[in-house]
Amino acid sequence: MGKEIKNDYRIQILSELDKSEINKSLIKNVYNVSQKQLNTLGQKKVYLKKPNTVNEVFKLFLNSKK
């Protein structure tokens, strides 16, 4: 059978993260922005009816720009 290959990437990545100086406020800011984006997406209207023709798609596009 094939030779087993040991993968230690996970250990290397964790080791590098442990050595690095991580700016916790930057991480918090990125998290907060991500939360705001998720909240915004959660408030978007999702239309279940799919357009059947190019004309319907064009009408939806024009109405979305109003």
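The following dialogue sets the values of a predicted model against the definitions behind them.

Visitor: What conventions apply to this model?

Guide: Residues are numbered from 1 along each chain as its sequence is written. The model is predicted, so local features need pLDDT of at least 70, side-chain atom pairs count only at pLDDT 80 or more, and totals for chains, interfaces and linings use all residues, while side-chain values use heavy atoms, with hydrogens and water left out.

Visitor: What is the mean pLDDT of the protein?

Guide: The mean is 78, and 82% of the residues reach 70 or more; pLDDT is the predictor's confidence in each residue, from 0 to 100.

Visitor: Why is the contact of glutamate 16 with lysine 19 called a salt bridge?

Guide: The term requires a side-chain nitrogen of Lys or Arg within 4 Å of a carboxyl oxygen of Asp or Glu. The closest N and O atoms of glutamate 16 and lysine 19 are 3.3 Å apart, so the pair meets that definition. A search of the whole structure finds 1 salt bridge.

Visitor: Why are glutamate 16 and lysine 19 separated by about one helical turn?

Guide: Because they lie 3 residues apart in helix 1 (residues 9-19).

Visitor: What makes lysine 19 exposed but glutamate 16 partly exposed?

Guide: Buried means under 20% relative accessible area, exposed over 50%, and partly exposed in between (1.4 Å probe, protein chains only). Lysine 19 has 59% and is therefore exposed, whereas glutamate 16 has 48% and is therefore partly exposed. Of the 66 residues of the protein, 0% count as buried.

Visitor: Which residues form the nonpolar patch on the surface?

Guide: Tyr9, Ile13, Leu14, Leu17, Ile22 and Ile27 form it, with about 610 Å² of accessible area together. Patch residues have over 30% relative accessible area and no salt bridge; nonpolar side chains (Val, Leu, Ile, Met, Phe, Trp, Tyr) are joined within 5 Å, like charges within 9 Å. Helix 1 gives the most, with 4 residues. Leucine 14, in helix 1, is partly exposed because its relative accessibility is 48%.

Key. Helix = DSSP H or I, 4+ residues; strand = E, 2+ residues; numbered from the N terminus. Areas by Shrake-Rupley, 256 points an atom, 1.4 Å probe, with all protein chains shown as cover.
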